[in-house]
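Open the model in your viewer and keep the sequence panel beside it. The stops below say what to select and what is there.

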Amino acid sequence: ISIEKSGSFLQLNQYKLMDQIGQGSYGLVKLAYSEEDSTHYAMKILSKKRLLRQAGLMRRGPKKATSPLDRVYREIAVLKKLDHPNVVKLVEVLDDPIEDSLYMVFELVKQGEVLRIPTDNPLAEERVWSIFRETLLGLEYLHYQKIIHADIKPGNLLLTECGHIKIADLGVCNEFLGQDAVMSNGSTAGTPAFRAPETLILGQNVYCGRASDVWALGATLYALVFGNVPFLADSIPLLYERIQQDPLVFPKKLTVSENLKSCILLMLEKDATRRITVPELKINDWVTS
Ligand SMILES: COc1ccc(C(=O)/C=C\Nc2cc(OC)c(C(=O)O)cc2Cl)cc1
């Protein structure tokens with residue numbers, strides 16, 4: 001990669017890096033402008049050292065032969081093959097072997113995150129209905145490609161200029177697995193408030209990734225319409241206790257349809273074997289209303 005400073009911007013090959021537009025445990029996302037095609041992109045910047053460190057911390061049990069970076073490269077290879085209107089598109093990866101940074105170039109989804117929570121101004125049920133339907137199609141596509149997103153949340157749903165949804169952040173935290181989408185909770189944490197109960201049971205570290213994605217989608221649906229996550233606590237252990245034990249409560253102040261409440265309840269079913277599945281969601285009364 002050719003890296004040069006042009007004025008106050010870093011220039012990576014044809015990309016001029018501009019403002020930071022996103023950040024998270026993964027690293028950060030910058031707006032990038034390509035002079036080659038006069039188009040803006042979202043450039044996700046990862047640190048290989050940080051990835052290795054995180055993998056070291058998160059990996060439990062026998063050390064897997066593949067280095068954590070192989071996992072990222074394998075997932076990048078998968079991302080390049082993905083092509084769906086409701087999944088963010090990876091354009092290219094700039095990876096200089098001697099550089100610590102790994103640059104993932106994505107198509108720019110102009111309006112960014114669909115909703116920042118907590119908020120006192122959640123989205124109207126009609127808006128949430130179309131956002132949910134598109135997210136469901138994107139998730140169905142990922143599951144079909146044997147990809148468990150493992151971090152579905154409002155922050156990873158990006159809104160296009162025309163108000164369509166693209167699911168983001170498949171890059172690092174998903175599990176690309178063989179036949180059954182079986183997860184081990186050592187490797188994919190996800191965001192605490194959106195984690196399914198079965199992923200929190202210590203010791204038992206095998207669960208179905210598809211069902212845990214549905215739970216997170218349910219918590220996301222709840223957050224989009226009520227402005228906050230379904231279970232809250234001042235500490236992570238208490239949060240996990242509430243996710244596993246507490247019955248779901250809907251805020252009195254906001255009126256939403258009975259169909260929407262039942263749909264959320266079916267997705268936030270604590271028993272993963274009884275939880276609604278993606279195919280069942282596609283024919284759910286609220287989703288098809
Ligand atoms: C206000 O305007 C804005 C326009 C676009 C953005 C934005 O794009 C943010 C994050 N983007 C991404 C993050 C990802 O992971 C964490 C991945 C991935 O790894 O799949 C892909 C993308 Cl694109 C923000 C503000």
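Is Cys208 buried, partly exposed or exposed? Select Cys208: at 32% relative accessibility it counts as partly exposed, where buried means under 20% relative accessible area, exposed over 50%, and partly exposed in between (1.4 Å probe, protein chains only). Cys162 is exposed, with a relative accessible area of 66%. The structure holds 0 disulfides, a disulfide being a pair of cysteine sulfur atoms within 2.5 Å.

This is a predicted model, in which local features need pLDDT of at least 70, side-chain atom pairs count only at pLDDT 80 or more, and totals for chains, interfaces and linings use all residues. Residues are numbered from 1 along each chain as its sequence is written, and side-chain values use heavy atoms, with hydrogens and water left out.

Next, select residues 15-24 and 27-34, which are strands E3 and E4. Helices (H or I, at least four residues) and strands (E, at least two) are DSSP runs, numbered from the N terminus. E3 and E4 pair in the antiparallel sense over 7 bridges; two strands pair if DSSP finds at least two bridges between them. A hairpin of 2 residues joins E3 to E4, and Gln23 has Leu28 as its bridge partner.

Move to the open sheet of 3 strands, with the order E8-E10-E11 and antiparallel pairing. Strands E8 (112-113) and E11 (165-167) stand at the edges; each has a single partner strand, so one side of each is left without a neighbour in the sheet. Gly112 stands opposite Leu159 in E10. Helix H3 (residues 125-144) packs on the sheet, touching E10 and E11.

Now select Phe132. Beyond its neighbours within four places in sequence, Phe132 is in contact (heavy atoms within 4.5 Å) with residues including Leu217, Leu221 and Trp286.

Finish with helix H4, residues 209-226. Of its 18 residues, 17 are buried, so H4 is largely enclosed by the rest of the structure. Just after H4, Gly227 takes a positive phi of about 90 degrees.

Note on methods. Axes fitted to C-alpha atoms, helices over the stretch in contact; angles between N-to-C directions.
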